[in-house]
Amino acid sequence: MRRIFTITLLLATPLGALAEPLGVPAFSVSTAGDGSQSYTLSLQVLALMSGLTLLPAFLVMMTSFTRIIVVLAILRQALGTAQTPSNQVLLGLTLFMTLFIMNPVLERIHTEALKPYLNEELGFQDAIAKAQVPLHSFMLRHTRETDLALFMEIAGKEAPENAQDVAFVYLMPAFVTSELKTAFQFGFLIFIPFLIIDLVVASVLMSMGMMMLSPLIISFPFKILLFVLVDGWTLILGTLASSFYV
């Protein structure tokens, strides 16, 4: 059984991995005094796989993803297009917009933390501390003081003198709350012109005695026409992107 298990491991290991040693070994082999061997899963790989399960939550809680997806969902509702664009299109567009907006932060993390760690210039703990700095600054810049003070008060903590000393456990919920407030402010401004079109069409139909005809059927093409004439996608996506650089 030991030989069969060893052959299975060799077959499952890529040839490139056999040619040169890995920085984080998938398995560690320990040899006992009687010559028997035992295989145990590396704790670093286990921690990495556990961290990957939290990656979607980090993407939503610590980036611009929340603001963008909420605004695009409100836009679709204001247009009255039901499931057009589809959820897959909105999520894909939001993801690439998030990567575009977060690119300066990701570049700082790569330059100041990931690259020195891969070059063995920094330890793991130091690399984590370095990576937190640009992300913390980004979140703090887009968090309202009132929201941050609220969660600090709920936790029974006093606000630190230096804003950079605010812990992530208080900053993350405050950041998401601020992002939701900003997203709904965007959504309100987006809804106004389409709401006016609906009111005008409904008033015209009422004055003509066509009460059985749904105003949405008539107003829908006018909404699409207005959105196309003002180059709505460029306007909204450009405004969303620039709102993070103010």
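Helices here are DSSP runs of H or I with at least four residues, numbered from the N terminus. I keep that beside me as I read.

**Before looking.** My model is predicted, so I note that local features need pLDDT of at least 70 and side-chain atom pairs pLDDT 80 or more, while totals for chains, interfaces and linings use all residues. Residues are numbered from 1 along each chain as its sequence is written, and side-chain values use heavy atoms, without hydrogens and water.

**Entry: M208.** I found M208 in the loop between α10 (168–207) and α11 (215–229). Is M208 buried or exposed? With 54% relative accessibility, M208 is exposed (exposed is over 50% relative accessible area, buried under 20%, partly exposed in between; 1.4 Å probe, protein chains only).

**Entry: S243.** Next I looked up S243, which sits in helix α12 (residues 232–243). S243 counts as buried because its relative accessible area is 17%. Which residues does S243 touch? Leaving out residues up to four places away in sequence, I list R67, H142 and F186 (contact means heavy atoms within 4.5 Å).

**Entry: α7.** I followed helix α7 (residues 103–118) and saw a bend of about 40° at H110 (the angle between axes fitted to the seven residues ending there and the seven starting there). I marked V105, I109, A113 and P116 as buried in α7. A reminder to myself: an α-helix has 3.6 residues a turn, so residues three or four places apart point the same way. The buried residues of α7 pack against α8 (124–141). Just after α7, I noted E120 with a positive phi of about 60°.

Notes: Helix = DSSP H or I, 4+ residues; strand = E, 2+ residues; numbered from the N terminus.
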